[in-house]
Structure formats: structure tokens, C-alpha cells
Amino acid sequence: MKKDLDWSSLGFGYIATDYRYSSKFKDGAWDEGQLITDSMITLSECAGVFQYAQTIFEGLKAYSTKDGHIVCFRPDLNAARMADSAKRLEMPVFPEDRFIDAVCQVVKANQDWVPPYGSGATLYIRPYMMGTNPVIGVKPANEYEFRVFATPVGPYFKGGAKPIVIKVSDFDRAAPHGTGHIKAGLNYAMSLHAIVTAHDEGFAENMYLDPESRTKVEETGGANFIFITKDGTLVTPKSDSILPSITRRSIMYVVEHYLGMKVEHRPVYFDEVKDFAECGLCGTAAVISPVGRIVNHDTVIDIPAGMEEMGPVTKKLYDTLTGIQMGSIEAPEGWIKKIC
Ligand SMILES: *Cc1c(COP(=O)(O)O)cnc(C)c1O
């Protein structure tokens, strides 16, 4: 039976659900892994994760569909991206097929926590991995734990479809030739001061520029940018130091193949931003969130589509993408993983 939650008033927060998955890596091999009920982790004070921040994560969602199933959206891409993140931080790869299996097990075991269709909420799934054995000299750990938990969530930004106001950050999100392209807590730790500063000044998020020249648009703390030109082309920044968002890659496909629009994936200069008709943030958590205003010190860029609601193209994209995710629009082959 579904849990007794007020699904439609959920925010983006953590609620411990009943089951999580754990698999441990020791002596060069992963154990067989299992569902467990304990949400706590006890580790050595000297564990690699605490001393040298050896930890990576993923984020995806499970959706209730119109016809009563529970599905995930492109979990194979999360598995592949986590493998890339692991390699960059000298961590062992958790096999991609086992990643998908672990996600499915956690969702299935927690199906009473999956928000119902139409509630506006979803089940957020958080796979992660950390170095667990004591490491004091600078080197990678040799023991790891891979975990997956799930928590029901509502919209990432308060106010739902109302466009948000963001600022151009004076801080860099990632080093120029560093780890900006992997999903790791270290990038988020770097961005916390910037996000707190932005929030204190009344902004919902940061637009980060490329750290090398500070002329190009990178991304926000946890979402990629999409822009719509006045003649209806989707433009989205190409950069080696941003996270390759699965939502953004899916949007690029949807725009071309479902909406018949053109896509440009290329460097985007901040100087161009004032000329776009619509701007949005995209990611698993943000879904597609419209941006209404971008402030860079004394420069204020108002996005013509308006401060009050989503622009027309952003709305069409949002409806198509969420329609695919929740089963009311037919998905491209292989995008939807049916769990139960
Ligand atoms: C997770 C994340 C995104 C969004 O990626 P999706 O795969 O669409 O969820 C964007 N930027 C950063 C920095 C992220 O960590």
C-alpha cells in the first residue's frame, strides 16, 4: 500500500525509505550486493572518503506512468556516466548491468514510496560510491562501498513553473582542466560557497562561466543550460568542464526528432545570452526550469519570454519530455526501463 504522504506538497528533500542497496569492493572484487534496511553507514575515521573526498554519485528518477507501471528513464546512461566518474577518481567501476539491477531492486522494494501519477512528485534515486578503508598517504582507497537509496521528491525550485532569477557567479564551479565533467561531491563542495552567496543575495541559482576565459556559459550548480533563439533553434553549451546531462542529451534528441526544431551544441558566449528568446535549466532534479532573469553585477538580462510563466518552446519541450518519461508519449527505443 502507498505510504500516507501528501505527495503534491513534497519539496526536494530527503525522506528515508525502507530499503537501500549495498555492495562492497574488497581484494579487487565486488561482493554480490544486497538490499538492506539500515540507512546508517559506519566507517573508519581515516576512510578515503573523509580524508581525500573519494566519492561519486548519480541521480535519476522513477516515475509512475498513466497505466499504472513504475519506470526509470535511461538508467543505462547513469551507469555509464558513473563508470566515467569512477575512472577519473581512481575508483573501481561498479559493473553497468549491476548498476541497473541495483536501481531496479531499490525501486521495486520501495514501490510504496513512488509518488502516484499526476501528483507532480517522483522517486529520486541516488546511487553513490565511496572509498571506505583507512588512507593517510595520498593514494586511492582499495576498499569501496556502492550504495543506492531512494527518496520521494517534489519540484527542485519552489514556485513550480514560475521562471527563476539567477546571477552570474564570481566563483568558478570547477577547475579549467579538472573534474567538472564528472558527478562528484568534490565539485559540489566547491560550489557551496557560491550557492550560499547567491541565495543570500536573493538568487535561486548561479550561472557559472568558463574558469579560463570567463566569457563562455558553462552550467549551473546542478543543471545544464538550454536557450531558444528568436527563430526557434535550441542552443546548448558545449564544454569539456560541464556535466554531460542526460536530460540535456535527451532534450537535444526530442527537439530534433519530436519537435522538428534545429539544435546547436556549441560554445555559447555570455555576450549572446541577451539575444535569446527563452532560457531554461535542465537536469533530473530541475527537469526543465525556466529562467526569467540573469543578473551580472550591473547588467540585468530579462528573458523576453517573461518572468511570469514558461516560454512557449520551453513549455512544449517540458510537456514532451515529461510525457515520454511518464508514458503518455511514446519514447524512443530503449529510453524507458520498466521496473514493475
Ligand atoms: C547531475 C548534474 C546535472 C544534470 O544531469 P542529468 O543527467 O540531466 O540529471 C547537471 N550538472 C551537474 C553539475 C550535475 O551534477
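A salt bridge is taken here as a side-chain nitrogen of Lys or Arg within 4 Å of a carboxyl oxygen of Asp or Glu. The structure is a predicted model, in which local features need pLDDT of at least 70 and side-chain atom pairs count only at pLDDT 80 or more, while totals for chains, interfaces and linings use all residues. Residues are numbered from 1 along each chain as its sequence is written, and side-chain values use heavy atoms, with hydrogens and water left out.

Side chains of opposite charge can pair when their charged atoms come close. One of the salt bridges joins the side chains of K3 and D18, with an N to O distance of 3.1 Å. Both K3 and D18 lie in the segment before β1, so this pair ties together parts that are 15 residues apart in sequence. Strands, like helices, are DSSP runs numbered from the N terminus (helices: H or I, at least four residues; strands: E, at least two).

A second salt bridge connects the side chains of R293 and D302 at 2.6 Å, N to O. R293 has a relative accessibility of 30% and counts as partly exposed; D302, at 40%, counts as partly exposed as well. Elsewhere, salt bridges with shared partners join E264, R266 and E272 into one network. Within this network, the side chains of E264 and R266 meet at 2.8 Å, N to O. E264 is partly exposed at 33% relative accessibility, and R266 is partly exposed at 25%.

Charged residues also form a surface patch. Patches consist of residues with over 30% relative accessible area and no salt bridge; like charges are joined within 9 Å, and nonpolar side chains (Val, Leu, Ile, Met, Phe, Trp, Tyr) within 5 Å. Lys and Arg count as positive and Asp and Glu as negative, whereas His and the chain ends are not counted. The place of a charge is taken as NZ of Lys, CZ of Arg, CG of Asp or CD of Glu. Under these rules, D76, D84, E96, D97 and D101 make up a negative patch. Helices α2 (75–88) and α3 (96–109) each supply at least two of its residues. The greatest contribution comes from α3, with three residues. D84 belongs to helix α2 and is partly exposed, with a relative accessible area of 46%.

Two side chains provide examples of polar contacts, defined as pairs of N or O atoms within 3.5 Å; within protein, one atom must be able to donate a hydrogen and the other to accept it, and residues adjacent in sequence count only if both atoms are side-chain atoms. S23 is part of strand β1 (residues 20–26) and is buried, with 0% relative accessibility. The side chain of S23 makes a polar contact of 2.9 Å with the side chain of D31. T132 is located in the loop between β7 (122–131) and β8 (144–153) and is buried, at a relative accessible area of 14%. A polar atom of the T132 side chain lies 3.5 Å from the backbone nitrogen of Y144.

Positive phi values occur at two residues other than glycine, D27 and V287. D27 has a phi of about 50 degrees and is placed in the loop between β1 and β2 (29–30). At 73% relative accessibility, D27 is exposed. Phi of V287 is near 55 degrees; this residue is placed in strand β15 (residues 287–296) and, with 18% relative accessibility, counts as buried.

Y208 is found in the loop between β10 (205–207) and β11 (224–228). The C-alpha atom of Y208 is separated by 9.6 Å from that of A194, a residue 14 positions away along the chain.

Terms used:
Accessible areas come from the Shrake-Rupley method with a 1.4 Å probe; for residues, only the protein chains shown count as cover. Buried means under 20% relative accessible area, exposed over 50%, partly exposed in between (1.4 Å probe, protein chains only).
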